[in-house]
Structures are given as C-alpha cells and as structure tokens.
Amino acid sequence: VDRMFDIWKIIAPRHPDWELCIMGSGNIDHFRNIVKHHNIPNVYFTGFCNPYEYYKDSSILCMTSSTEGWGMVLVEAQMFGCVPIAYNSYSSLQEIITNGVNGYTIPAFDKKEFAKRLEWLMEHDTEREKMIPTCKDSVKRYDVKIIAKQWMELFNEVAKEK
C-alpha cells in the first residue's frame, strides 16, 4: 500500500477527478495517517468489503505487491472489465496479464514507470476501453467447465499410461 501511495502522490495532483480506493483490512489507521501526513489527495478506504461493486465502478486496478501466489484480485477485476496494472514481481503474473493486451505489467518496484503507465491509462479512455473486452475474454479460460475438462483429460491420459 505504501508503494501505491508513493505512485499516487506523483499523479493525483494532475488528476483531481480520479480517486484511489484502498480495499481490504489491515492497519487502516496507519495508512490513513500516512495519507494525512503526506497530504495525499483523493484516497479512500473501504475496509473489508465485497469488492465486486467496486470492480464494476472502477476503470483500473493497481497491484503493487512484492509477491503473490496467484493474483486472484487481478482475475476478478478483469472479469468486470477493470484493466489491471501490476508490478512484475511474481511468476504467475504472466499467466494473468499479457502486457498491453489485457492489462499492464511494470518492472518490479519501478515507481516512475508504474506512475507513467497508470497516468497514461487514466488519460487515454478510448485505448483503455478497447482493453475491456480482452480483459473479460481472458478470464474465460478459468471457467470451471474448462478447467474441469482439462483435469479429466489429464486423469484419462495418466490412466492410459498405466
């Protein structure tokens, strides 16, 4: 979250009509103090919540994690047409985001590049909106029917080998 604050400080003054919404639990009071201390504009905290309503109303999802097992939040956001941007800091990211097609990957911890790409997405509505169908289509590969079929094919293949 602190990385996202650093990025938001760079671009928020130029985009007063945009908001940064931080979802989830954690030490929210600590984060509120950081925002207040650094006078970071347009930052809101939801606390623990159902994210689906926020995905529907959001244009971009930012992930600045050091590591993830599987970035489920990215897949969920894509399902709702919310374009993700994330640090390329863990190997499963390439399974979720194809850079420039259904989101953007940023070299790990490069705040300047993250801010540059985020601001570009914010300023280029047409290009961002062109990515929405691709985002929605890309998550179809995780449909339970498709995954179940793949597992059954694998089980049948292994059974034939024995």
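1. Ground rules. Residues are numbered from 1 along each chain as its sequence is written, and side-chain values use heavy atoms, without hydrogens and water. As the model is predicted, local features need pLDDT of at least 70 and side-chain atom pairs count only at pLDDT 80 or more, while totals for chains, interfaces and linings use all residues.

2. Helix pair. The axes (lines fitted to C-alpha atoms over the stretch in contact) of α6 (residues 111-123) and α7 (residues 125-138) come within 5 Å. They cross at roughly 95°. The two helices are therefore roughly perpendicular (65 to 115 degrees) to each other. Contact (heavy atoms within 4.5 Å) involves W120, L121, M122 and E123 of α6. From α7 come D125, E127, R128 and M131.

3. The whole structure holds ten aromatic pairs (ring centres of Phe, Tyr or the six-membered ring of Trp within 6.5 Å). In one of them, F5 and F45 have ring centres 6.4 Å apart and planes at 80°, so the pair is edge-to-face (over 60 degrees). F5 lies in helix α1 and F45 in strand β2, so the pair ties together parts 40 residues apart in sequence. F5 is buried (under 20% relative accessible area) at 1%. F45 is buried too, at 17%.

4. W70 and Y142. This aromatic pair is also edge-to-face, with 5.5 Å between centres and 80° between planes. Both residues lie in loops, so the pair ties together parts 72 residues apart in sequence.

Key:
Axes are lines fitted to C-alpha atoms, for helices over the stretch in contact, and angles run from 0 to 180 degrees between N-to-C directions. Helices (H or I, at least four residues) and strands (E, at least two) are DSSP runs, numbered from the N terminus. Angles under 35 degrees count as roughly parallel, over 145 as roughly antiparallel, 65 to 115 as roughly perpendicular and the rest as oblique. Rings of Phe, Tyr and Trp (its six-membered ring) pair if their centres lie within 6.5 Å; planes under 30 degrees apart count as stacked, over 60 as edge-to-face and the rest as tilted. Buried means under 20% relative accessible area, exposed over 50%, partly exposed in between (1.4 Å probe, protein chains only).
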